[in-house]
Structures are given as structure tokens and as C-alpha cells.
Amino acid sequence: MSAKAISEATGKDIINRNLSTNTAAAKCRYASVNENTKFADLVAENPWLKTELLVAKPDQLIKRRGKLGLIKVKTDINGATSWIQERLGKDQQIGKAVGKLKNFIIEPFVPHKQDEESYVCIYSHRHADTILFYHEGGVDIGDVDAKALKLDVPVGESISEDVIKAKLLTNVPPAKKSMVATFVHELYKMYVDLYFTYLEINPLVITDNTIYILDLAAKLDATADFVCRKMWGNVFYPPPFGRDAYPEEAYIADLDSKSGASLKLTILNKKGRIWTMVAGGGASVIYSDTICDLGGANELANYGEYSGAPSEQQTYEYAKTILSLMTQEKHPQGKVLIIGGGIANFTNVAATFKGIVTALTEFQSKILENNISIYVRRAGPNYQEGLRIIREVGQTLRIPMYVFGPETHMTAIVGMALGKRPIPKETEQEFATANFLLPGGQNSTKTGKTDLNGLGKSGSTSPEPKYAVKGDSSALDSIPLFSRSTKAIVWGMQTRAVQSMLDFDFVCRRSQPSVACIVYPFTGDHKLKFYWGHKEVLIPVYTKMADAMNKHKDADVMVNFASLRSAYDSTVETMNFPQIRTIAIIAEGIPENMTRKLILTANKKNVTIIGPATVGGLKPGCFKIGNTGGMMDNILHSKLYRPGNVAYVSRSGGMSNELNNIVSKATNGVYEGVAIGGDRYPGTNFMDHIMRYQRDPDIKMIVLLGEVGGIEEYDVCAALQDNRITKPLVAWCIGTCASMFTSEVQFGHAGSCANSDRETAVAKNAALRAAGANVPDTFDSLGEIIHDVYNKLVEDGTIVPQPEVPPPTVPMDYSWARELGLIRKPASFMTSICDERGQELLYAGMPISDVLKTNMGIGGVISLLWFQRALPAYVCKFFEMSLMVTADHGPAVSGAHNTIVCARAGKDLVSSLVSGLLTIGDRFGGALNGAAKQFSEAYDSGLHPMEFVNEMRKKGQLIMGIGHRVKSINNPDMRVKIIKDFVLENFPATPLLHYALEVEKITTSKKPNLILNVDGVIAVSFCDVLRHSGAFTREEAQEYIDMGSINSLFVLGRSIGFIGHYMDQKRLKQGLYRHPWDDISYVLPEQYN
């Protein structure tokens, strides 16, 4: 949603901080009160509360508070406190809505005369901002729309104080005109700069030298937060009166703000038995409509949607939130959960369903306890796998679950859930994702890589299929948006969408790909590889739009995938190039002021804008925008590879795919379809496209899918009545449920909210029916009425159906085939220690959250990643102690020395660290492996310690882990003592350590520095862990010794020290190291004579 109402306190705070000080407006003084307010503290913070007369009123988006008796005027702090406390937390009925009064505002009472009250309001619409001013104000103002003077300020223009005086202030006393004109001028400037969408002040008190803002109502364009955060501050958007704000709603809103997907949740009736979890903004409204149409309005618990390809984790969080709400209290009739949606364009249904399945599994017992039945209908990419997964989990968990795909009408499950229609036992799947793998209909060509700059006629050359219709299509009144030769430039690195466009081109038998190039400012110019049927082609990528335009003059469409923050600038830049006739803006959440400026510029330059907030549009057999139409299986199933005779226009991008499905079943197919976008101000409106359809003789009937909010559908009514539209029109406006809710609900699209009775879906459907459109009773029967109209056109010869021409096959991408499980291939790598693919990272099967919650420490992480199991706490502590004692041994040892020399040579951290690590071996640090092997083999062979020492002497081998350069029996190494004491005290058995200590007694009797050193004590203790901790079999223990894992502790520990030496040298700014001559013995051969 874009336009969101703010509280009066928030609005006055914004005005206080941002309205120009050049006006005569007094600062708004107020104190907010809620259930947690302590009045003593409130008075201490606002001393004026004790000394002035006050006004108290609720601050909860309640209109006409004065007429409702919800204002206490001219009282003191005691009276205001008493008045508020009598009402705080109490139920209040306002219209149909019943809610608790929870927030109040206290302000100073401003003494004034009745003739000093005025009214001012500013609101925005498509092409202008309107300022209303009336010289009278207050609760009895009456029909202000009819009374007030009006001034329209076109988008992008400003106004002068003289114009304000002349147009708005004719009834204001001359002495006050300049003061009021300055105020209105600065108020409007603030309105525009701070992205307000509505601002009403009534009354505005105008005394001889001061202006007071008394009552205020305002809305902000919430999508402009990234522009206005500094000026707005942290804004809280309260729910409409009659609906509580729930923490679950705030949680989902927070998820939504951090995601590129769309996640919405509104709780309507927490005790209701009908809950929904619907994919898609348009689909979510239609499901709510159908529930209300079938009598479920009073039991509908929530409205919400998830769309835009949410991740498995995001879908899990959303489903978990819904299920937690559903299972908080039981319903005597049990509850139903409707998991619905249209045919997705690009969302991987299986991936999202995995998140839902995880949540269902987590809540299984509560679902059964609350007698919850689940009804599922979904389609789109990988939907078969998604439906299989969720069907199986229903059987496994014994949850009553009924699962359907695109063979079932989208909202049929609502009737099943509400007991209004029978539940079929089996459903026949009409098509499968793998259909387009089947060979046939395609000329065999050699595979190879082709540069698009020289592609020529190397693509498919099959003739375009013809679908004859009655009438002459030789000339159109206007150039069509798309044709078989349309070329597009894509802004943004959207490789999946580009490949989808190329696959569509190929199956439509285009001679060349429709994507000319890609613009992506964040890399250098290069070329990307894509598939054109079986072949590979290269599509150029440019960092500068000017280069793309200059090198591809034939491109006349821009598909703009820029983010909401950069879509405006990139679209403005695009319109500087006259070759571009059509721009599709995909991003959702572009501020309305920016969109209105784009519309203004586009109208001046005769550019057609589709969007924002759209999936785009398509023209079967010719061209499609981005992900429109979904995967290839849906394109084939809906026969989008060739034109039919039905054109549609919709607000919802998600519902456009459902319309493709409905139209393909009910008629000979789609000729063109456009989703204009769900924002309040789409770049083009319904009439722009319907009149194109009217002029195109190949289009024989038109379908319109409108929705609640806005008045564009009334332009269609007028065109039907004055015969500008003569072709059969089937129309339906979604959102009929809105009038059944007791409080205002903002649906999934920013524009789908009725601001007057005229904007309701019910009123629009009635007006369209009266104007002559074919309007069904419900969305459920939309397909039937389309079929009836089509049959009449066939009967009278307007449409002549043609035999189907099989399309060429398009190979499936390898990655998608793997995703669907259609092929298998041996993996290049195997891993058994870590998995990052699921909802969270797993270490040896343990979620990373559990690793942190259980305080396993670095020793625990080592046990999981090195040994695939959680080892006992004493083992983890031993690992950590070993890391600490081996971390460093000064700068003189070879590893540290190498690291220091490398660092001083200006090398980076990794290079310096590696140079040190490469010195580790038998002579430095590598003694752990050798010691472990020698001591364990001697012990296992039954050699007495003396025999072991004698045997090593005979072999002339050193005993690894014995001996120290500095330390001795008389100057013990404290590191060894610490490790030894810990191991003897905590390990269950230490035979190898005891064996090594016996060896030490023998060696030190010969030479005092032949002690068990730190390498030796760690090595034998490590062996004791492997053999006697109970966590390993004897074979596993020996395997770890043989693979050299004992040395891992030294490598990891000493890396800490090497990094320290690197940072130390950089910190000390040490220069290049050169070894001194006097420390080198030059021993050269005698000079040759």
C-alpha cells in the first residue's frame, strides 16, 4: 500500500518540523495519551497542561469527531484526564465499526470567533493536486466539495501566492489575504516535498496575525520512506478504527520491508473460522470476494497475500504466523485454511510449498486439536512437485487436506471449504511441466554459439500461423505496441526473464530474438550467453544506456527491472531516446509523485508506460515482457504461442496468467493481454488499451478485470454508452468483499482501496452492467460468460476457429530439469559436514541457531565440522585449550618469520598467512601427526617404554613430541603442564598420555631437555579422545590418526598467531625486510683459475 493514514499527532509533528517558518502558523502543541500514559509524567513534560484551557479527543483516524460527541472542549487538565479515563479502553461504535478507544490527544484550547474558522484540504489525483479552500469551517461545514473554491495544480508545476489569492481567497478579508496565501503556498510546498497524498485541516483558525491548525487528517505515501525518512522521522501507521493492531501484522510488515517479495497480513476477525493464505495481490482479493459471496464474511479471519517469489524461509515464517493465529482458540465448527493462488508467472511453487510444509509439520498436533481442514489450489512453475509435497505431508500428518491444480477453477476450493460444492475425489491433471521436452516440429540445426549482432536468419524460419477472422485487418488506426519484429532493451541483470522472453520468441517462430541487449550499470560492457532453442546466442550488456540505444536503433521497447529506488531515474533517462515507444516498469513501491511525473513526461513524448508494479504483458505469437505468461508449460497450455481473438486488460499481473488460462479454455485464445499494474496511478489506464483493442480488427472481444479503488472503469462505461466501444466487453471488478468489512481494508495492490462509494467494486460492476458490458455474478462464473460471448461470435461468423498448428519444441534448461527431478547426474562433489540449502545453515545436521543457543563454542564447532558429531564438553574444552596454547610461539619460529617477511613485502593477509603455514611440517609444528603415530603404534605393539626408546635409537629416528630447544625438566613448559593436568583430571581414560609420560622419564634421565613437549602432549591426548571418549569406533579413531587430522589443531591454532603477526607488522608500518650481511655466512667455491 502507498497512501497510508497517519495519526493527528504524527501529522502535527511533521508540520512542526517541516513547515516554513515564514508563515504565520503557530506551532502545534499537543500531548499524546494511551493506555500506558502516566498523567503526572505527561504534565511534567508539558507544563502548559496545568495552566491553559484544553481540548481532548481520540486520535484514531475517526472522522467527524465533533458530531459524534468525541471532543471535550474548554476544560482543564483534571477535566481532560477524567474525560479520557472514562473512555480509555472502552468500546465505541462508529458506523458499522466497533473498536476500543486507545489513543487520545490533548491540545490547548484556542479562543476564537466562528467567522475565524476556515477549511483547507489538499489531495492528489492522476494529473494534478487539488487545493480546496472555504472561508468557513468547523463541524457544520456541510458538503465542502460543493462549497469550497478549488485550484488544480498540474503535476510538476508550482503556484504563486497571487494565484492562490485570486482562485481560493476571494471570500477572505483583505487584511488577512496575504497571510493566508503565504500559509497555503508553504503548506502546499511541504505537501509536495514530503510526499503527502492527502492533507485536511478543519477548522483552520485565522486570527488577525496568527494561524492555528486545530483538527488535522493526513495520509503519506509510505513508499517514499526512502526519500523522506529524515523529514518524517519514524512514522507509525495506525490501523483503521475498529481493527486492532496485532504484533503478528507488525511482524509480517517487518518481513515485507526486508524482502524483495510481497508479504501482507491484515487480521479481520481473530475468532473467525475461515483463514486464507493466498499467493498474489489480485488473487488474494478474489478469494476474499468469493468467501463473502458464499456467506462467509462474518467468519473471514484475515486478509493477506504472499507473492513475488518469496524464499522458502519467508514462506515458512508467513505460514507459521497464520497457523499460530489459527490455533490460539478453538471454533465449535472447526476451522478451514485456504491455501490458494492463481497460476504463478515466476514463483517456484515447490520452493514456497516446502516452507508451508515445514510450518504444517511444526503445528501438526495443534492443527488436529483445532479440527482444521486445509484446501489447496495452486499452479505455476514446478507446481506438480509442490502439490505432491503438500499432498504427501497431509497424508503423513493425518491432516484433512484437499489439493488441486490448474485443472480446477481458481476459487472452486472456497465452495468446497464452505460446504457449498462437493469435493471431487480425483482430479485429472491437464498438463505437466515437462511437456515441452517432447521432440517434434523443429528443424535440426547444429548447436553452436552465435553473436546476436550477426544472427540474421539463423533462428526458426517456420511460417507464422494464421487465424482467420471476419473483417479486413490490412490497416490499423494506430501502430500496435508489439509485433513479430519488436526488439526490446532490458534494464537490469534479469537473466531468467531474458531467457523466458527468448524461449517465447522461439516457440512463436520468430526469426530473431526479441531482446536486443541488456543495460546494467554495475559491470563493464560484455556479452552474456543465452539459449535460442537448441543453440546458444550472445546478448550484449552495456553499462551506459546511450551505448545500448545507439547500437540498437531498432529497439523500441524498454523492459525496466530497476529497483523502486532507481526505476524513476532509469525511466526518465529512457524517455530521452525517441526510439523507445513502450516502457514496462516492473518494480513495485515507486512513490506516487514520481509515477505521476513519469506519466506527464510519457504523455508529452507519446510513450506508452505499462506499470509500475506489473509483470508486464504479452502478444501471443509476437512478444512478451519479462516473466509474463509464466513457464513454457503454461505458455503451451494456454496457447500463447499463437494469437486468438480475445484481448484483455487487467490491473493484476498475477491474475493475467489466470486470465490466459480462462480465456484459452473458453475461447480460441488470447490476442493480446496487458497488466497495467496495481499502483494507484498506472502509467496507462484501462481505456488506453481498450481503445487500442477497439481499433484492431483482429480483436473480436475484450475482457476487463478491474478492481476496487479508482474510477477508471467509469470511463469504460461512458465509452460503451456513446458507442466508442462496440465490441463485446466482458468485465468484472474484484474487491466486492470490501463493503462487507466493518473497517477499511487495504488490499494487496496500492490502488485497491475505495475512498468513496463510487470506487467500490460493487458500484463499478453495477455501472458496467448498466452500460452494456457482460458482467458475471461472481468471479467464479467469469469463464462461463466469456465462453457464452465467444460462442455467439462464432455462431454469427465474426470468429472462424482454425485448426491448431503444433508449436516448435523448446528444450528445458538443465538446471530446471534438475529442479523438477526429470534428470539425474552424478554430483561433482560430496559433502557430509555442512548444508546451506535449507531454511538455515546446518553443521553436521545441527541448525546454526542451535549451535549458538547451546553455547557450543569453537570447540563444539570443531567437533561438528571435523568429526560430524557433537563431542562431550571436556573434549571441546580440550580443543579450545590446544588452540590457545599453540596460537603463537614468538616471531623467531620459521612460520611466524615467513609471515612477517611476507607482510613487510607488502603482501596481503592471505598470502602472508599461507607463507607461514607452508613451513609447517615434520621439522616445525608437524610433529603432532608423527608423535600420534609413533606413540600409538608402540603402545599397540605392547612395547615397554624403555623398549620403544631403545628401538627408536637403533633406527636412528627422533621421537616426535619429545624434546625442546629451551624448556627442560628443570624449566618446565607451562603449556604442557596445563594441558596434561586438564586431561588427567577430565578424560575418562588416558593410557597413551601415561605411556608418553613414562617415555619422558626415560628420555629426561639422559638429557633434561628431552621432555614431552606441547606437540607430544596434544598428540597423545588427542589419541586418547579418539579411542576412549566413546564417540568413535576403534576403526574411526585409527582412520583419523592415519589421515593426519591430529595436526589440525596446530594448523588452526598457529593461524591465529600468524594473523596476529601480520596485523602487528602492518600496524607498526614496517618496511621491506632485508636480511643483514653479517648474519649470512658466504661460503663460495674457490675462484676458478
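## Exercises on a predicted model

T1004 touches I969, L1010 and I1011, when residues up to four places away in sequence are not counted. The exercises below all concern this predicted model.

**Exercise 1.** Determine in which helix T1004 lies, and whether T1004 is buried or exposed.

*Solution.* Begin with the secondary structure, where T1004 is found in helix α35, which covers residues 991-1006. Next take the relative accessible area of T1004, which is 15%. Because buried means under 20% relative accessible area, T1004 counts as buried. Finally, return to the contacts of T1004 beyond its sequence neighbours, which are I969, L1010 and I1011.

**Exercise 2.** Describe the second largest pocket by its volume, its lining and the elements that contribute to that lining.

*Solution.* The volume of the second largest pocket comes to about 1100 Å³. Its lining consists of 33 residues, and those nearest the centre are I962, G963, H964, R965 and N1013. Two or more lining residues come from each of α33 (945-955), α35, α36 and α38. Among the contributors, α33 gives the most, with three residues.

**Exercise 3.** Compare the reach of helix α38 with its expected span, then find which of its residues are buried and what covers them.

*Solution.* Helix α38 runs over residues 1048-1067, and its 20 residues reach 29 Å from the first C-alpha to the last, close to the 28 Å expected at 1.5 Å a residue. The buried residues of α38 are S1048, L1049, F1050, G1053, R1054, S1055, G1057, F1058, H1061, Y1062 and Q1065. The cover over these residues includes α28 (857-867), α29 (873-886), α30 (894-904), α31 (909-917), α32 (927-940) and α36 (1014-1028). After the helix comes K1069, whose phi is positive, near 55°.

**Exercise 4.** Identify which residues have the most contacts inside the largest nonpolar core, and work out what L768 is in contact with.

*Solution.* In soluble globular proteins, nonpolar side chains tend to be buried together. The largest nonpolar core of this model has 107 residues, and L704, V716, L768, F779 and I786 have the most contacts inside it. Helix α16, residues 495-507, gives the most to this core, with seven residues. Turning to L768, and leaving aside neighbours within four places in sequence, its contacts are L704, E713, V716, C717, A731, C733, A773 and V775. A second, separate core has 66 residues, including L151, V184, F577 and I590.

Terms used:
Residues are numbered from 1 along each chain as its sequence is written. This is a predicted model: local features need pLDDT of at least 70, side-chain atom pairs count only at pLDDT 80 or more; totals for chains, interfaces and linings use all residues. Side-chain values use heavy atoms; hydrogens and water are left out. Helices (H or I, at least four residues) and strands (E, at least two) are DSSP runs, numbered from the N terminus. The expected span of a helix is 1.5 Å times one less than its number of residues. Buried means under 20% relative accessible area, exposed over 50%, partly exposed in between (1.4 Å probe, protein chains only). Contact means heavy atoms within 4.5 Å. On a 1 Å grid over the protein atoms alone, a cavity is a set of points where a 1.4 Å probe fits but cannot get out, and a pocket is an open set with protein on both sides within 12 Å along at least five of seven lines; lining residues have an atom within 4 Å of a point. Grid points are joined across faces, edges and corners, and a volume is the space filled by probe spheres set on the points. A nonpolar core is a set of buried Ala, Val, Leu, Ile, Met, Phe, Trp, Tyr and Cys residues joined through side-chain atoms within 4.5 Å.
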